[in-house]
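The following paragraphs guide the reader through a structure, beginning with the confidence of the prediction and then turning to its parts.

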Amino acid sequence: MAADWHRRILTVWNGYRKWLVLSLVLTIAGALCTLAIPLLSQALINQGILGNNLGVVIHYGGYMLVLTMVAAGCQVANTLIAVKFSERTANYLRTESYRHIQELSFGNIDRMRPSDLLVRLTNDIQNVKIAIQQGILNLPLVPVMLIITILLIAFYTPALIGLMVVLLVVFTILLTAYLRFVLPVFAVRQEKYDAMNGRLQENLAGVRVVKAFVRQRLENDRFSRVAGEVRGSSLRAQTSIAILIPTMLLVVNLGLAAIFFIGGTSVLSGTGFSIGEVIASIQYLFLLIMPFMILGTVLPAISASRPSFDRIYELLDTKAEVNDPAKPAAFDPSSVKGRVVFDHVSFGYRTPEGTPGPLVLRDISVVAEPGETIGILGATGSGKSTLIHLLPRFYDVTDGRITLDGTDIRQIPQDTLRRTVAICLQQPNLFFGTIRENILFGADDRSDANMVAAAEDADAAGFITNIPRGYDDAVSRHGANFSGGQRQRLAIARTLAAKPKILILDDSTSACDVATEARIQDRINQRFAGVTKILVAQRISTVIAADRILLLDSGKIVASGTHEELLAISPEYREIYDSQLGRGIVGRGTS
Ligand SMILES: Nc1ncnc2c1ncn2[C@@H]1O[C@H](COP(=O)(O)OP(=O)(O)OP(=O)(O)O)[C@@H](O)[C@H]1O
């Protein structure tokens, strides 16, 4: 993957090739203008100043002015192109990465840390952008300036070619030694930055937990450690740059002294050198060092961006675990009846390394008829959420199959399936925005009537209308301005507003009191009578009125039936019942 990064960058630039060519032309034109200036100054001094000819001074001075302005114009235009390219590349990588993350499956996301993703979408893309900008602006200058300067020296001041070759060799040795030292230093600095960003983002995401457990000092110490490592590596990188430039300048000054010595003695003895040539040679010397200075600053930036580039493409290359069928089955979502069959389903999550993990569901067989309510009850970790996540294909079954109205759900496009099966997730994640936006988030019918009906069914209308701006009032990030039970009810309203054919509530009323839960269930039973409903719960009161309750234990169905049947046949169920509702306490639906 890493090997073909330059090919991939070029594919990003497809359609922009003419701009690249223009950038190259501008670079060469600008370099030629700059390189011509020593020649003109040589003529200006020899023929104009020493020849006491004002006309020649004005003539060559005018040329120098024009060429300087053209060189500056080329540089400005080139900068604009470089900025355009780099911004386009950054934008492409940013939107592609974001789009790709949206397409990944739950399994892929499970194995990625949110802080990693943030670093990829921000820092990494920024690094690549800077490297591209620097690269386009400066790298083409290197060969152009080197070759033309050497040719000009060889042609116009051949007596200095020996000195220039010596300087070239010294510059090359210095640069090579510097890069050998500095590239790993820059790579380490980047790693340390990444580690610090990861730590920072993780800490900020969990800042409430940190405070709640009084872990600030520990977190401060940890952060100080990674920040200290960043400081150390950054210092080493900056120091190496600080060493390179004065060292190069020292060599340049030695070269200057040599030019003054060779040129001066030659002028004084009248053996070939003119004053104009001495001045031009000095300018060549400064032009000669420029490519080395460019390489010394641009190569570390490019090298530091490589891991960033590789990480971005590692994300872009990640294949979604759940894919749409190549040839979808004929499936009309508008005429779904809602018969769901789990047929000998087994499932295991993948390990963090991506290899198949142990089974957490074993040989599950269930039939839910249209309009039926199925309750899934079990202890924490028994596999309830996992089981219902298989129905909208958040994960694909490891073994067996799930059908919807007789069609294997793997033959139905995910979008179609998820418009048919709506799930209210265990974590009621609300988005920053308004209540209206949150309730209608997944709804095709965006009418007020649908929103209000969904809120009423979720028993949320009461508290919403008591808020000053009602449905147009604000929801903070993660719904922090609502209580746990209110958040759950808003999340239920969001699910109901999608008008699903199959409705799944994953412990969605766990933070509501039993009376509220009962009201929500009654409304749902009335308004969604024909919809197949699956209710997951740890609390028996949530599922007590279901047509059938499945009791899950360690990934297996250990009992199934109505509440009364289970009380009669399942000691495990009775134990839960006794522990939660107690002997003699009669729940809803009990006779
Ligand atoms: N994304 C995941 N990756 C790996 N293992 C997971 C993942 N989600 C759940 N598990 C494991 O699968 C098993 C079943 O978890 P699941 O969340 O389905 O239980 P649950 O019955 O819904 O529990 P709870 O009532 O606490 O929500 C557990 O052992 C859990 O550790």
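The protein averages a pLDDT (the predictor's confidence in each residue, from 0 to 100) of 87, and 97% of the residues score at least 70. Over residues 584-591, however, the pLDDT is below 50, and this stretch has 14 contacts in the model beyond near neighbours in sequence; two residues are in contact if their C-beta atoms, placed from the backbone, lie within 7 Å. Where pLDDT is low, the predicted coordinates should not be read in detail. For the complex, the predictor gives an ipTM of 0.97 and a pTM of 0.76.

This is a predicted model, in which local features need pLDDT of at least 70 and side-chain atom pairs count only at pLDDT 80 or more, while totals for chains, interfaces and linings use all residues. Residues are numbered from 1 along each chain as its sequence is written.

Helix H7 (residues 161-205) packs against helix H10 (residues 275-317) at an angle of about 20°, their axes being 9 Å apart; axes are lines fitted to C-alpha atoms over the stretch in contact, and angles run from 0 to 180 degrees between N-to-C directions. H7 is therefore roughly parallel to H10, a term for angles under 35 degrees. Among the residues making the contact are Phe-171 and Tyr-178 of H7 and Phe-292 and Pro-300 of H10. The residues of this contact between H7 and H10 comprise 19 nonpolar, three polar and no charged; Ala, Val, Leu, Ile, Met, Phe, Trp, Tyr, Cys and Pro count as nonpolar, Asp, Glu, Lys and Arg as charged, and the others, Gly among them, as polar.

Methods. Helix = DSSP H or I, 4+ residues; strand = E, 2+ residues; numbered from the N terminus. Parallel < 35°, antiparallel > 145°, perpendicular 65-115°, else oblique.
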